[in-house]
Amino acid sequence: MLQNKSYDEVIVGWTRFESLIVHCSTCDCLLWVHSIPIYVHLFQENPFRHRICEVFSRDGKGNLSFEDFLDMLSVFSEQAPRDIKVFYAFKIYGKMSSLEDFDEDELLGPSDLEQTLRLLTRNELTPEEVTQACEKVVEESDVDGDGKLSFMEFEHVITRAPDFLSTFHIRI
């Protein structure tokens with residue numbers, strides 16, 4: 001992922017990351033924890049901030065190393081290729097429901113779509129509106145008729161969204 005970052009961008013990234021490191025006095029170590037995006041102005045309003053950290057962390061729990069942090073910045077950079085952005089969007093939006101829902105099927109199911117929509121709309125839709133919108137997405141996008149979206153189906157939907165590339169980025 002680092003191929004999308006210049007030397008100056010890596011230095012800016014390190015400065016930003018270094019300011020977020022928390023020192024743990026009980027174990028005398030440095031911790032970068034799940035709460036990082038809460039403090040970064042880039043993610044203050046992002047309803048997916050915790051999920052983004054989980055996806056980019058090697059441990060899957062949101063504990064970001066500096067390399068994980070740079071990978072995240074690379075994917076969200078304006079120069080990142082569309083295919084990489086789509087891949088990570090699928091990972092971020094997928095499995096939005098409880099951790100018990102990780103069935104490793106690599107599909108966006110109804111509960112994933114509903115949770116994603118609730119986060120995107122900040123719970124401003126009624127349950128009926130959420131269900132209706134999710135049913136419409138599946139109806140228009142589910143090519144194989146299994147009631148879920150595969151990566152290929154998701155990619156087809158995203159490539160038709162004109163604002164995807166302009167909104168799936170951050171500036172540091």
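Predicted model: local features only at pLDDT ≥ 70, side-chain atom pairs only at ≥ 80, totals over all residues.

Residues are numbered from 1 along each chain as its sequence is written, and side-chain values use heavy atoms, with hydrogens and water left out.

**Stop 1: the largest pocket.** Select Phe48, Tyr93, Thr116, Leu120 and Ile158, which lie nearest the pocket's centre among its 31 lining residues. Helices α5 (82–93), α6 (110–120), α7 (127–141), α8 (151–159) and α9 (164–167) each give two or more residues to this lining. Colour α7 next: its 6 residues make up the largest share. (Helices here are DSSP runs of H or I, at least four residues, numbered from the N terminus.)

**Stop 2: the aromatic cluster.** Now select Phe48 again, with Phe56, Phe76, Phe87, Tyr88, Phe90, Tyr93, Phe151, Phe154, Phe164 and Phe168: together they form one aromatic cluster. The structure holds 10 aromatic pairs, a pair being Phe, Tyr or Trp rings (six-membered ring for Trp) with centres within 6.5 Å.

**Stop 3: a salt bridge.** Which residue does arginine 51 pair with in a salt bridge? Pick glutamate 54: the closest N and O atoms are 3.3 Å apart. Both sit in helix α3 (residues 49–56), 3 residues apart, or about one turn of the helix. The structure holds 7 salt bridges, each a side-chain nitrogen of Lys or Arg within 4 Å of a carboxyl oxygen of Asp or Glu.

**Stop 4: the annotated stretches.** Finally, highlight 44–79 and 129–164, which an unreviewed UniProt entry annotates as "domain: EF-hand". Residues 129–164 are 64% helix and 0% strand, and the end C-alpha atoms lie 23 Å apart.

Key. 1 Å grid on protein atoms, 1.4 Å probe; cavity = no way out; pocket = protein on both sides within 12 Å on 5 of 7 lines; lining within 4 Å. Phe/Tyr/Trp six-rings, centres within 6.5 Å; stacked < 30°, edge-to-face > 60°. UniProt positions renumbered as here; feature names shortened; annotations may be inferred.
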